[in-house]
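Good morning. I will go through one structure today, and I will keep to what can be read from its coordinates.

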Protein chains: 2
Amino acid sequence: MSYSDMRIARLRERLAAEGLGALYVRNLANLCWLTAFDGVFDGEAAHAMLVTGSQAAPGAFLHTDSRYASAMKAAARGSGIQVSASGTSHAEWLASLVRDGAAGTAAIGVEDDITLAEYRRLVEALGSQAHPVQERARLVLGLRAAKDADEVRRLKAAQAITDAAFSHITGFIAPGMTEREVQIELEDFMVRHGAEGLSFPSIVATGANGASPHAVAGAARLEAGQVLVLDFGARAQGYCSDMTRTVGIGEPDARIRQAYEAVRQANEEVEAVLKPGMTGAEAQECAETVLAAAGFAGAMVHSLGHGVGIEVHEEPLLSKKNTEPLLEGSVVTVEPGVYFEQDFGIRLEDFGIVTRDGFEVFTQSTHDMVII
Amino acid sequence: MSYSDMRIARLRERLAAEGLGALYVRNLANLCWLTAFDGVFDGEAAHAMLVTGSQAAPGAFLHTDSRYASAMKAAARGSGIQVSASGTSHAEWLASLVRDGAAGTAAIGVEDDITLAEYRRLVEALGSQAHPVQERARLVLGLRAAKDADEVRRLKAAQAITDAAFSHITGFIAPGMTEREVQIELEDFMVRHGAEGLSFPSIVATGANGASPHAVAGAARLEAGQVLVLDFGARAQGYCSDMTRTVGIGEPDARIRQAYEAVRQANEEVEAVLKPGMTGAEAQECAETVLAAAGFAGAMVHSLGHGVGIEVHEEPLLSKKNTEPLLEGSVVTVEPGVYFEQDFGIRLEDFGIVTRDGFEVFTQSTHDMVII
C-alpha cells in the first residue's frame with residue numbers, strides 16, 4: 001500500500017465518521033499530502049481533488065489544466081487517483097462527477113479554507129442537482145498532524161540542510177556585516193545544498209531587532225556585544241524544516257548570558273518531557289515555568305511551538321490554546337524565547353517528532369551559544 | 001496628497017458608486033497598495049483594514065497584532081489610517097467598529113477572495129447588529145490595474161535588476177550545467193543586487209523542457225544545439241518584474257531560428273500597437289495573426305500577457321477572455337511563445353506600461369537571440 005493510499009484511507013475513515021460521501025480538496029498542501037506526487041506541484045493552486053468514500057478504483061479524482069496534465073497522469077499511474085485535465089472550472093468538473101454518481105448520494109464536504117468566491121461557484125454548479133454541501137474546518141490538516149515514515153525521512157533531510165547552513169553561516173558572519181548580507185548568504189547556501197526553496201524568509205535580527213520575534217532582515221550592521229537571532233529553514237523533498245539559534249557577536253554580557261541559559265533550560269526541559277498525551281498548553285506552561293523561575297516571567301511573547309510538515313506552520317500548536325493531547329507522530333518546534341524591547345532577544349528552536357514514549361529531536365546543532 | 005490618500009480616494013469613489021458604506025480588506029497585496037507602507041508587511045496575511053466612505057479622519061482603520069503594532073503605527077503617522085493592535089479576531093474588531101458607527105448605516109462590502117471560514121466569522125460577529133454584508137469581486141484589484149507614478153518607479157527598479165541578471169546569467173551559462181544550477185545563480189544574483197525576493201520561482205527550461213510553459217528547473221543539462229527558456233523576475237520596493245528570453249546553447253538550427261523570428265515579430269508588433277482602448281482580446285489576436293502568418297498557428301498555448309504590480313499576476317489580462325478596453329496606466333507583459341512537445345519552446349517577454357497614446361517597454365534587454 002502506497003503512502004498516498006494510506007493517507008486517502010485515513011481520510012475515508014474520517015469521511016465515514018462525518019457522514020460525508022466525499023470531500024472536495026483545494027488546499028495545495030493537502031493535495032501534495034494526499035497524492036504524494038513528487039515534483040509535480042509547483043506552487044500554483046490550480047488543482048482540485050474529490051476523494052470519495054468508495055474504495056473501488058477510481059475512488060479519488062484530480063482535476064488540473066493542460067499545463068500539468070502529462071506530469072500528473074504519469075505520477076498517478078498505478079494509484080487509485082484518476083487525473084483529468086480540462087479548461088472547465090473546478091465547479092463544473094465537480095458537478096459533472098457528482099452527476100455521474102461518483103460521490104454517491106451522501107453530502108459532499110468542502111473545506112472552509114476555500115475562497116468565498118469558489119464556494120459560491122460550487123454551490124451554484126451543484127445547485128441544480130440539489131446535492132447537499134457541508135462545510136468542514138481543518139479536516140485534512142488534522143490528519144496531516146501525525147506524520148508517517150516517508151514524511152519523517154523528508155523532514156530529516158530538510159533539517160540536515162538547515163544544520164549544515166548554520167555551521168556554514170557561523171563561519172561566515174563577521175562584525176560590520178548587515179543582517180541582509182547574512183540572510184542572502186544563508187539562503188544561498190541552503191539552495192546550493194539541496195533545498196528546493198526556503199520554509200520562510202529567514203529572520204536575521206541583531207541587537208534590538210532581535211526583540212521583535214518577526215523582524216525583517218535589513219541594513220542594520222552586526223556589532224560586537226550584540227546577540228544575533230537566526231531563524232530559518234529549508235524546504236526539501238516537499239517538506240519544511242525550522243530552527244533558531246542565537247549567536248554572540250563577541251562575548252555577550254552577563255545579563256544576556258543569563259537570559260540565554262534560561263531559554264536553553266526551557267527548551268531542554270520541554271524536549272525532555274514531551275510525549276503523547278501531553279497537551280500543547282501543558283508544554284507551553286512547562287517552558288513558562290522554567291523561564292519564570294529564572295526571573296523571566298512574561299518575557300516569552302509568543303507560543304512555544306507549532307507543527308511542521310509540508311507547510312512550516314501546521315498542527316498541532318504548542319500554545320495555551322491547545323488543550324488537545326499530542327499524538328504520536330506529531331512533528332513540532334520547541335522554540336522558547338525572551339524579548340526585551342529596544343534591547344535584545346533570545347530564541348532557541350529545535351524541531352522533532354513525538355514518539356511512542358518521548359520526543360526525538362531532528363535538529364543536530366549545538367545548544368551552546370556560538371560566539372563569532 | 002500622499003499616494004495612499006490618492007488610492008483610498010479612488011476606492012471611496014467606487015464605494016459610493018457601489019452603494020457601500022465601507023469595504024473590509026484582507027488581501028495582503030490590497031493592503032500594501034492602499035496603505036503604501038514600506039517594508040512593514042512581511043508576507044503574513046495577519047492584517048485587516050476597513051476603508052469607509054468618510055473622508056473625515058480617521059476614515060480608514062487597520063487591525064493587526066502586537067508583532068506589527070509599532071512598525072505599523074509609525075508608518076501610519078500623518079495618514080488618515082488609524083492602526084490598532086489587539087489579540088481579538090478581525091471579525092470582533094470589525095463588529096466593534098461597526099457598533100461604534102464607523103461604517104455608517106450603509107452595507108459593508110467584503111471581497112470574495114476571503115476564505116469561507118472568515119466570511120462565516122464576519123457574518124456571525126456582525127449578525128447581532130443585523131448589519132448588511134455584501135460580497136464584491138476584485139474591487140480593489142480592479143483599481144490596482146492603473147498604476148501611479150510611485151508604482152511605475154518601483155516597477156522600473158525591479159526590471160533594472162532583472163535586466164542586469166539576464167546580462168550576468170548569459171555570461172555564466174555553459175553547456176553541461178543543469179537547469180537548477182543556472183536557476184540558483186540567476187536568483188542569487190538578483191537578491192545580491194537589490195531584489196527583496198523573486199516574483200516567482202524562475203523557469204529555466206532547456207531543450208524539450210522548454211516546450212512546457214511552466215517547466216520546473218531540474219537536473220536536465222544544457223546541450224549544444226538546444227534553446228534555453230529563461231523566465232524570471234525580481235521583487236524590489238514591493239513590486240514585481242517579469243521577463244523571458246530564449247537563448248541558444250550554440251547556434252540553433254534553421255527551424256528554431258524561424259520560430260524565434262516569428263515570436264520576436266509577434267512581440268514587437270503587439271508592442272507597437274498597444275494603446276488605451278485596445279482590448280486584451282485584440283492584443284492576443286494581433287500576436288496570433290503574426291504567428292499564423294509565419295506558419296505557427298495554434299502554437300501559442302497560453303495567453304499573451306497579464307498585468308504586473310505588487311503581484312506578478314494582476315489585471316488586466318491580454319487574453320481572448322478580456323474584452324474590456326485597456327486603460328492608460330496598465331502595466332502588462334507581452335509574452336508570445338511557440339511550443340513543440342518533446343522538441344523545444346520559444347518565448348520572448350517584455351513588460352511595460354500603456355501610456356496615453358502607446359506602450360512604453362520597461363525591459364531593456366535585447367530582442368536578438370543571445371548565443372552562448
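Predicted model: local features only at pLDDT ≥ 70, side-chain atom pairs only at ≥ 80, totals over all residues.

Let me begin with the interface. On chain B, 24 residues are in contact with 24 residues of chain A. The area buried between the two chains is about 2200 Å², and carbon and sulfur atoms give 51% of that area.

What about charged pairs? Across the interface of chain B and chain A there are 6 salt bridges. One of them joins B:Arg192 to A:Glu185, with the closest N and O atoms 3.0 Å apart. Which helices of chain B each supply at least two residues of the side that touches chain A? They are α5, residues 116-127, and α8, residues 179-192. The largest share comes from α8(B), with 6 residues. By type, the residues on that side of chain B divide into 12 charged, 10 nonpolar and 2 polar. Between the chains, the count of residue pairs in polar contact is 14, with both residues at pLDDT 80 or more.

Now to a helix pair inside chain A. The crossing of α9(A) and α10(A) is right-handed. From α9(A), the contact includes A:Ala262, A:Ala266 and A:Val270; from α10(A), it includes A:Ala283, A:Cys286 and A:Val290. Of the residues in this contact, 10 are nonpolar, 1 is polar and 1 is charged.

Next, a salt bridge within chain A. Over all chains, the structure holds 54 salt bridges. In one of them, A:Arg144 pairs with A:Glu314, the closest N and O atoms being 2.5 Å apart. A:Arg144 lies in helix α6 and A:Glu314 in strand β14 of chain A, so the pair ties together parts that are 170 residues apart in sequence.

Last, the backbone. Most peptide bonds are trans, and most residues other than glycine have a negative phi. In chain A, the bond from A:Glu315 to A:Pro316 is cis, with omega near 0°, and A:Pro316 is found in strand β14 of chain A. In chain B, a cis peptide bond joins B:Glu315 and B:Pro316, with omega about -5°; B:Pro316 is in strand β14 of chain B. A:Gln237 has a positive phi, near 50°. A:Gln237 sits in the loop between β10 and β11 of chain A.

That is the end of my part.

Conventions
Residues numbered from 1 in each chain as written. Chains lettered and ligands numbered in written order. Heavy atoms only, no water. Contact = heavy atoms within 4.5 Å. Buried area = accessible area lost by both parts, 1.4 Å probe. Salt bridge = Lys/Arg side-chain N within 4 Å of Asp/Glu carboxyl O. Polar contact = N/O pair within 3.5 Å; in protein donor to acceptor, adjacent residues only side chain to side chain. Helix = DSSP H or I, 4+ residues; strand = E, 2+ residues; numbered from the N terminus. Nonpolar A, V, L, I, M, F, W, Y, C, P; charged D, E, K, R; others polar. Left-handed = near helix turned anticlockwise from the far one by under 90°.
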